[in-house]
Amino acid sequence: MSLPSNNIEQVVILGAGLAGVSAAEELREAGYQRELTLLGREEHLPYDRPPLSKEVMLGRKTLADTALHPESWYAENGIKLLTGQEVRGLDLSARRVHTRDWSLGYDRLVLATGSRARHLPMADASSAEVLHLRTWDDARTLKERLGGRLLVIGGGWIGLEVAAAARAAGGSVVLAEAAPLPLGSVLGPEVAEVFATLHRSHGVDLRTGTTVEHLHRNHHATSARLSDGTEVDVDTVVVGIGAVPNTALAEQAGLPCSDGIDVDARLRTPDPFVLAAGDVANHDHPLWGRLRVEHWDNAVAQGRHVARSLLGNETPYTAHPYFFTDQYDLGMEYVGHATGHDQVHLRGDLDARVFTAFWTQGDRVVAGMHCGDWEAIGQIRDLVGGPATALPD
């Protein structure tokens with residue numbers, strides 16, 4: 001159901017992360033001139049998250065360096081930015097947002113509430129001090145611990161980036177990953193082995209097929225018992241096992257949620273006045289089907305697209321997921337969605353870590369990446385989503 005955009009007097013965006021700010025930017029650039037309110041839960045100005053696991057933890061960037069815009073930008077663009085706001089509920093029938101002390105009406109509501117770090121119940125229940133990396137404050141706390149002895153639980157992107165930062169800071173790292181290889185379910189064994197070898201070559205004690213069975217704080221150290229039968233003493237425990245979408249408000253309001261807020265191809269919920277974008281959106285992608293993406297590029301692109309949908313644009317969101325990472329001297333870019341792939345096609349030198357990889361499912365290219373081959377990204381973007389027969393020999 002499309003509603004006319006010329007009667008939109010008040011747009012409220014819940015979530016002042018990259019998706020929410022990108023939606024506000026696009027609304028103004030597209031000519032929307034009426035009331036626009038952006039609510040953020042954190043006290044800080046909206047900031048960029050990718051530097052948290054890299055430059056911020058290594059002391060190369062400050063909070064001001066990561067700000068998406070200076071404070072004056074919001075006033076100059078007629079955006080009412082309210083930070084430190086905890087929204088308590090949504091009233092879809094009355095079209096109101098409720099905090100503890102006040103409520104705000106809307107004509108259109110964009111839910112860009114993002115995600116939060118996934119917790120490990122065993123670690124939370126232990127006597128150990130356990131850290132996560134999701135916010136600026138998390139990064140500031142972790143920065144002070146990087147030079148010590150770290151136990152990183154989880155070999156996904158965040159776990160590996162924390163391990164790389166810790167080694168760069170002179171710390172020692174034991175990384176426990178339950179799967180046979182870090183990133184194995186995403187990249188497959190051939191490419192995942194590149195990352196395992198990379199971290200081991202930089203001194204990370206990578207324990208694959210290993211879980212943490214018990215944590216105990218003893219004086220100034222934490223003792224960790226691992227499933228491989230060993231115990232390690234560390235100063236800091238970092239849990240990096242993924243993220244959970246912040247759907248509580250949507251669920252309480254009665255919006256359908258399944259690993260995120262369910263939205264259609266245009267990022268609209270079943271409520272015609274409510275849309276969602278970014279980490280929290282479980283999007284009905286025309287090519288990939290139901291998909292929730294937690295990467296920087298998706299937050300920008302969906303934030304801008306949701307603004308255009310709000311103003312009446314009928315075009316579906318069709319962008320491919322995109323991700324990049326820098327670890328030690330390795331840089332890579334990844335496009336697509338390889339979960340469920342049948343085969344991986346490799347070109348280049350995996351030992352030198354300069355190569356391209358394409359994942360196929362049936363007769364279709366579902367993902368591609370390069371490692372250290374920066375000129376390849378254009379070709380990768382062109383091939384992903386197309387026929388496998390188009391892959392270079």
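**Rings and strands**

Modeller: Trp 157 has a relative accessible area of 16%, and buried means under 20%, so Trp 157 is buried. Keep in mind that this is a predicted model. Phe 323 counts as buried too, at 11% relative accessibility.

Biologist: How many aromatic pairs does the structure hold?

Modeller: A pair of aromatic rings is described by the distance of the centres and the angle of the planes. There are 5 such pairs here. One of them joins Trp 73 and Tyr 74 edge-to-face, with 4.9 Å from centre to centre and 90° between the planes. Trp 73 and Tyr 74 are both buried. Trp 157 and Phe 323 form a tilted pair, at 4.5 Å centre to centre and 45° between the planes. Because Trp 157 belongs to helix α6 and Phe 323 to strand β22, this pair ties together parts 166 residues apart in sequence.

Biologist: Which residues do ring pairs link into a cluster?

Modeller: Trp 157, Phe 195 and Phe 323. A charged side chain can also sit over a ring: Arg 95 lies over the face of Phe 273, 3.9 Å from the ring centre.

Biologist: And the strands? What order do they take in the open sheet of 3 strands?

Modeller: The order is β13-β14-β15, with antiparallel pairing. β13 and β15 each have a single partner strand, so one side of each has no neighbour in the sheet. On average, neighbouring strands of this sheet are turned by 20° against each other, direction ignored. Between β13 and β14 there are 6 bridges, and Leu 215 stands opposite Ala 224 in β14.

Note on methods:
Residues are numbered from 1 along each chain as its sequence is written. This is a predicted model: local features need pLDDT of at least 70, side-chain atom pairs count only at pLDDT 80 or more; totals for chains, interfaces and linings use all residues. Side-chain values use heavy atoms; hydrogens and water are left out. Rings of Phe, Tyr and Trp (its six-membered ring) pair if their centres lie within 6.5 Å; planes under 30 degrees apart count as stacked, over 60 as edge-to-face and the rest as tilted. Buried means under 20% relative accessible area, exposed over 50%, partly exposed in between (1.4 Å probe, protein chains only). Helices (H or I, at least four residues) and strands (E, at least two) are DSSP runs, numbered from the N terminus. A charge sits over a ring if NZ of Lys or CZ of Arg is within 6 Å of the ring centre and within 35 degrees of the ring normal. Two strands pair if DSSP finds at least two bridges between them. Axes are lines fitted to C-alpha atoms, for helices over the stretch in contact, and angles run from 0 to 180 degrees between N-to-C directions.
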